[in-house]
Amino acid sequence: MTTLANAAGVNGTERDTLVSIVSEAVCEQIVGRPEAFKAVESVFGAMARGDAYNFPVVREAIGHADALYGFKSGFDRAGMVLGVKSGGYWPGNVQKNLTNHQSTVILFDPDTGRLKALVGGNYLTAVRTAAASAVSIAYLARRDAKVLGMVGAGHQSTFQLRAALEQREFEKVVAWNPHPEYLSRLAAVCDELRVPFEAVDQQQLGAQADVIITITSAFEPLMMKDWIKPGTHIACMGTDTKGKMEVDPELLAAATLFTDEVAQSISIGEAQHAVASGLISENDITPIGQVINGTHPGRRDDQEITLFDGTGVGLQDLAVASAAAKLALEQGLATQIAL
C-alpha cells in the first residue's frame, strides 16, 4: 500500500526507506541562481577531475507531435549523485500554455540502487542552463565587460539574462530575436533591474557586446565571425541536437573554445559543424572544469575571443535536482511515499 508523508514529520530511519517527490513549485521556491551556480560549478569541476561522468545520451524524434524525447544520465562520485533526466521538447506546448521543455529527474542511492527521489525538471532545466552560461562568464569574460548581448528571447532567455547580469557590472543589454515581438520579455527584466535595454540587429549586437549569449533552437548561423569584436566572450547555449547551429563555424576556428563535455560538443553541440568541416579538432576544445580547477588559465588576454559551447549534460540536471531534493527534505517541503 502506498503511504504519503510530509518530510518534516518523518524520522531519519523511516526517511531512508521512502521516496521523495519534489514538485515544480517547490523547486522554484528553494533553488535559486546561487544554488544552481554552485551545483553546476562543482559538477563541472568534478567532471574535469574524472570524479563524475555522463552516460551516453538517448535523444529521438518519437514521430508524434513533432516531439524529441530522451534520457540524460550519469554518476557524480564526488557528490554521490546517481540518476537520470527523462524528457524532451514538445514544440506545440506553447499553444497549450505549457513550456516546450518537459522533464523529470529520477535520483537513486549510489550505494544500493534504491529509488530516492522524483524531482520536477522543467524549472531546473532552465535554471541549470542559465547557471552554465553564468559559470562561463564568471571564468572567461573580461573583467571590464560592460555590454551584454542576447540572441534569442524564448522561455529560457530571461533565466539566462538574470544569471548573466550577476556576473559582471553590465551597463547595457542589447538583444536580437528572429521574432522581435518576444524581445519585450528581456526588456521587462532590464526595466525591473534598471539596466538600459536596446533592440538591435545582429551586426550591431556583435559590434557592441562584450559578452554574447545565444539561446535559440536555430539550424543556421545567427552570428557571423566578422561581426564579433576582439575580447568578446560567447556562450552558445541552444545547440544540443545534431544539425542545430547558432554561430558561424569560422567563429569557432577563431576563438579559444571551452565546453561542458567535449564528446557532446563535437557530436551534438555547437562544435559539431566546425569539426565536420575540418576547421577544428576535438583537441582544440577544453572542458571548462579545467579552468574551474585551476589546471587551465582560461582567458589569456583582453583581445582573445572565448567561446563556451554549453551542450547541456545530464550531470548538470542531477546536480541541481540533488540540491533541490536535499533542501526540500531539510525544509519539510518534500512529499514522501513508500512504494
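**The sheet and a loop residue**

Mentor: In this predicted model, an open sheet is built from eight strands with parallel pairing, and their order is 11-10-9-12-14-18-16-17.

Trainee: What makes strand 11 and strand 17 the edge strands?

Mentor: Strand 11 (197-199) and strand 17 (285-287) each pair on one side only, and they are therefore the edges. Between neighbouring strands of this sheet the average turn is 20 degrees, direction ignored.

Trainee: How do you know that strand 16 and strand 17 pair?

Mentor: Pairing requires at least two bridges, and three bridges join strand 16 (residues 256-259) to strand 17, so the two count as paired, and they run parallel. Threonine 259 has proline 287, in strand 17, as its bridge partner.

Trainee: Which strands does helix 4 touch where it packs on the sheet?

Mentor: Helix 4 (residues 122-140) touches strand 12 (211-214), strand 14 (233-236), strand 16 and strand 18 (306-309), and its direction makes about 160 degrees with that of strand 14.

Trainee: Turning to proline 91, why is this residue called partly exposed?

Mentor: Its relative accessibility is 31%, and because the class lies between the 20% and 50% limits, proline 91 counts as partly exposed. Proline 91 sits in the loop between strand 6 (81-89) and strand 7 (101-108).

Trainee: Which residues is proline 91 in contact with, leaving aside its neighbours within four places in sequence?

Mentor: With those neighbours left aside, proline 91 is in contact with Ala65, Asp66, Ala67 and Asn100. The C-alpha atoms of proline 91 and leucine 68 are separated by 9.0 Å, while the two residues lie 23 residues apart along the chain.

Key:
Residues numbered from 1 in each chain as written. Predicted model: local features only at pLDDT ≥ 70, side-chain atom pairs only at ≥ 80, totals over all residues. Heavy atoms only, no water. Helix = DSSP H or I, 4+ residues; strand = E, 2+ residues; numbered from the N terminus. Axes fitted to C-alpha atoms, helices over the stretch in contact; angles between N-to-C directions. Contact = heavy atoms within 4.5 Å. Buried < 20%, exposed > 50% of the residue type's maximum accessible area, 1.4 Å probe, protein only.
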